[in-house]
Amino acid sequence: MIKFEISSDQKFNFGFRELLEFKELFYFFTWRDIKVKYKQTLLGFLWAILQPLLMMLIFTIFFGRVLSVPSDGIPYPIFVFSGLMFWNIFSQGLSGAGNSMVSNANIIKKIYFPRLIIPISAVLVALFDFLMTFVVFIGLLIFFQFKVDPIAMVGLTLIALLLTVIATLGPGLLLAALNIQYRDFRYIIPFLVQVLLFVTPVIYPTSMVQNPNIKLLLSLNPMAGAINIGRYALGATQLDLTLIAYSIISGLVLLILGFFVFKNTEKYFADIA
């Protein structure tokens, strides 16, 4: 009996050359997921804008006004929206990447292509939504007549965006590999995203935390550094470079770990998907 194995002819490696050979698939999977996400919806792409706007209103009412949570001298709606922009990339990208291998099980079983393309494309879908929310963010700055240095804002936003992608892709790859083996993770991922929202400085500033040990633990969250850097252009308090460094390092460690686990189990995906 002749057996056919759907696998790569390469040993464990980063596979950058192979990703370039299949670069058209990034567009295919990303655009397909975008269309599926908003297919048969009444408002379509507007949901990418309405969701963070509604969350901003709710957080502003309950945390900004009722609980008087500080916002580093920034109008609270702008403060919380600036965090939600990056948080939505993380939450949507993590959920999409974590479930991506299971969702594409039929394709995985049929043909070989670099499996990394699937979870990376899920993160690219979240970046598509970010582009629309960033336009709304500019509108908020104009509405509140909040002056910023446009060059500094663009530069720091790009840095924060890069760190957000790193923070999302690492855990996303790890969860994608684990989810295809243990389907319990499809239930764990939504709960994990909800919990992480409250240990990430989205609705409150890091400067609000006075306990040094708790502040250190919060800084190990890779999204903390990304959001704090993104807000720095808005006039937030001075960055704690040590805590930012911890956040960046934790993001890189998770990226390496996620990549290693994903590539190490990649050869079994077609069999267990």
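**Helix packing in the predicted model**

Glu24 and Val36 are exposed on one side of helix H2. Helix H2 runs over residues 24–38 and has 15 residues. From the first C-alpha to the last, H2 reaches 22 Å, close to the 21 Å expected at 1.5 Å a residue. Five residues of H2 are buried, namely Phe26, Phe29, Thr30, Ile34 and Tyr38.

In sequence, Leu131 and Ile49 are 82 residues apart. In space, the C-alpha atoms of Leu131 and Ile49 are 9.8 Å apart.

Two further helix pairs were examined. Two packed helices are described by the angle between their axes and the distance between the axes. For helix H7 (residues 150–181) and helix H10 (residues 222–232), the axes come within 8 Å and cross at roughly 170°. H7 and H10 are therefore roughly antiparallel to each other, since angles over 145 degrees are counted in that way. On the H7 side, the contact is made by Leu156, Ile159, Ala160, Leu163, Thr164 and Ala167. H10 contributes Pro222, Met223, Ala226, Ile229, Gly230 and Tyr232. By class, the residues of the contact of H7 with H10 comprise ten nonpolar and two polar, with no charged residues.

The other pair consists of helix H9 (residues 212–219) and helix H11 (residues 241–265). Their axes come within 8 Å and cross at roughly 40°, which makes H9 oblique to H11. Lys215, Leu216 and Ser219 of H9 take part in the contact. From H11, the contact residues are Leu243, Tyr246, Ser247 and Ser250. The contact of H9 with H11 has three nonpolar, three polar and one charged residues.

Key:
Residues are numbered from 1 along each chain as its sequence is written. This is a predicted model: local features need pLDDT of at least 70, side-chain atom pairs count only at pLDDT 80 or more; totals for chains, interfaces and linings use all residues. Side-chain values use heavy atoms; hydrogens and water are left out. Helices (H or I, at least four residues) and strands (E, at least two) are DSSP runs, numbered from the N terminus. The expected span of a helix is 1.5 Å times one less than its number of residues. Buried means under 20% relative accessible area, exposed over 50%, partly exposed in between (1.4 Å probe, protein chains only). Axes are lines fitted to C-alpha atoms, for helices over the stretch in contact, and angles run from 0 to 180 degrees between N-to-C directions. Angles under 35 degrees count as roughly parallel, over 145 as roughly antiparallel, 65 to 115 as roughly perpendicular and the rest as oblique. Contact means heavy atoms within 4.5 Å. Ala, Val, Leu, Ile, Met, Phe, Trp, Tyr, Cys and Pro count as nonpolar, Asp, Glu, Lys and Arg as charged, and the others, Gly among them, as polar.
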